[in-house]
Amino acid sequence: MFMSDILKVDPEMAAVLERELNRQETRLDLIASENYASKAVMEAMGCVLTNKYAEGYPKSRYYGGCEYADEAEVLAIERAKKLFGAEHINVQPHSGSGANMAVYFSVLKPGDTILSMNLSEGGHLSHGNPASFSGQLYNIIPYSVQRETEMIDYDELEKLSKEHKPQMIVCGASAYSRTIDFKRFKEIADMTDAYLLADVAHIAGLIVADAHPSPVPYADFVTTTTHKTLRGPRGGMVMCREEFAKAINKSVFPGIQGGPLMNTIAAKAVAFKEALTDDFKKDQIQTVKNAKTLSETLIQNGFRIVSGGTDNHLMLIDLTSFNITGKDAEAVCAKAGIVLNMNTIPFDKQKAFIASGIRVGTPAATTRGMKEEEMKFVGNAISRAIKNAGDDAALEKIRLEVKDLCERFPVYK
Ligand SMILES: *Cc1c(COP(=O)(O)O)cnc(C)c1O
């Protein structure tokens, strides 16, 4: 794939990429934030627009020769508007974290208060973790999930909000398997005149297919990545109402970025065109069905799923009763050809780098064409791997079965 010139210029790198392609084809990717972009999307990422400087926005650039860059960006914006129905969209953020930064910088001052979900209970670094710029610039009041249900407790959230009067409330998560009630979030934000930011990085594709409610009618700002369930190139995007359009555009450029990655914006446009199809929507609905089947299979095998199950594309598996840490389970599954990540569970006693759980998601497997039957196999395979953690021969047997499955569902035909 796209390798004939790399092979001539840089055989060493061509060999690395060949190994990575082989890894992606022969191992089962259950990382909830990953997906496989189409060849069309990747062609766009490698296109001539990588050569173009286009600081500014369509029709008002700081460089000459931007007429086709303008066309590419307008296509991306128009298609994104069709997908999400937002009034204003900025497709320039290089990443999801950058999109969040652009929102904070557009309406907040350093020291302002943000009410956001704890990283260890499912939130994202860029929602105010002390290790992130967001935690260093703002006064962060974290909210958590309820201990018994392991779901967001909206009454508790309302209490916290009234007590701390934040300038902004952030919802949306990286490791939360339940439907988010954006309407309720907006009602709570309105009580104290706080802005509402909905970060749908993980569930954007589901929203396009109505497999999760959309925050667009409620939130002041909606941010997303384009490479997770949305299945596009790595990148970010901000949506908002017209009243914030100028502030958001200024905040992205020149606020935090210089020239936009025009090749990536072209690839975003291609991915959005794909996302407008019925096939894409069917896949998103299948992604949710697959997650449900996977969680049921794991429960039948004696595993505890955080909050008891999933409404979306992912779940957290609590490994406490299996006497194995998330870190070790990640390594064991890797030996069995299954790629997933350790993750803290709510109120985890372990540190993030050890963790008591693993996170699994079905977007990438669903893009390969896998359905419920394969998810039952996958759930049983995870279970066998963890129950045979010390037995390398057993893990090797599972790896061959997983490889077989992957070869029946090639990514790039
Ligand atoms: C993945 C993710 C992001 C950040 O995306 P990057 O492109 O890696 O910066 C932001 N918010 C949430 C909720 C995410 O899951």
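Student: Which residues surround the ligand?

Tutor: The model is a predicted one. By class, the shell around the ligand comprises two nonpolar, eight polar and two charged residues. The ligand is surrounded by Ser95, Gly96, Ser97, His124, Ala173, Ser174, Asp199, Ala201, His202, Thr225, His227 and Lys228.

Student: Which residue has a side-chain N or O atom 2.5 Å from a nitrogen atom of the ligand?

Tutor: Oxygen atoms of the ligand lie 2.9 Å from a backbone N or O atom of glycine 96 and 2.8 Å from a polar side-chain atom of serine 174. The side chain with an N or O atom 2.5 Å from a ligand nitrogen belongs to aspartate 199.

Student: What percentage of the ligand's exposed area does the protein bury?

Tutor: Taken alone, the ligand exposes 390 Å². Of that area, the protein buries 85%.

Student: Is the pair of phenylalanine 303 and phenylalanine 322 stacked or edge-to-face?

Tutor: The structure holds eleven aromatic pairs. In the pair of phenylalanine 105 and phenylalanine 133, the planes stand at 80 degrees with the centres 6.4 Å apart, so that pair is edge-to-face. For phenylalanine 303 and phenylalanine 322, the centres are 4.2 Å apart and the planes are at 10 degrees; planes under 30 degrees apart count as stacked. The pair of phenylalanine 303 and phenylalanine 322 is therefore stacked.

Terms used: Residues are numbered from 1 along each chain as its sequence is written. This is a predicted model: local features need pLDDT of at least 70, side-chain atom pairs count only at pLDDT 80 or more; totals for chains, interfaces and linings use all residues. Side-chain values use heavy atoms; hydrogens and water are left out. A residue is near a molecule or strand if one of its heavy atoms lies within 4 Å of it. A polar contact is a pair of N or O atoms within 3.5 Å; within protein, one must be able to donate a hydrogen and the other to accept it, and residues adjacent in sequence count only if both atoms are side-chain atoms. Accessible areas come from the Shrake-Rupley method with a 1.4 Å probe; for residues, only the protein chains shown count as cover. Ala, Val, Leu, Ile, Met, Phe, Trp, Tyr, Cys and Pro count as nonpolar, Asp, Glu, Lys and Arg as charged, and the others, Gly among them, as polar. Rings of Phe, Tyr and Trp (its six-membered ring) pair if their centres lie within 6.5 Å; planes under 30 degrees apart count as stacked, over 60 as edge-to-face and the rest as tilted.
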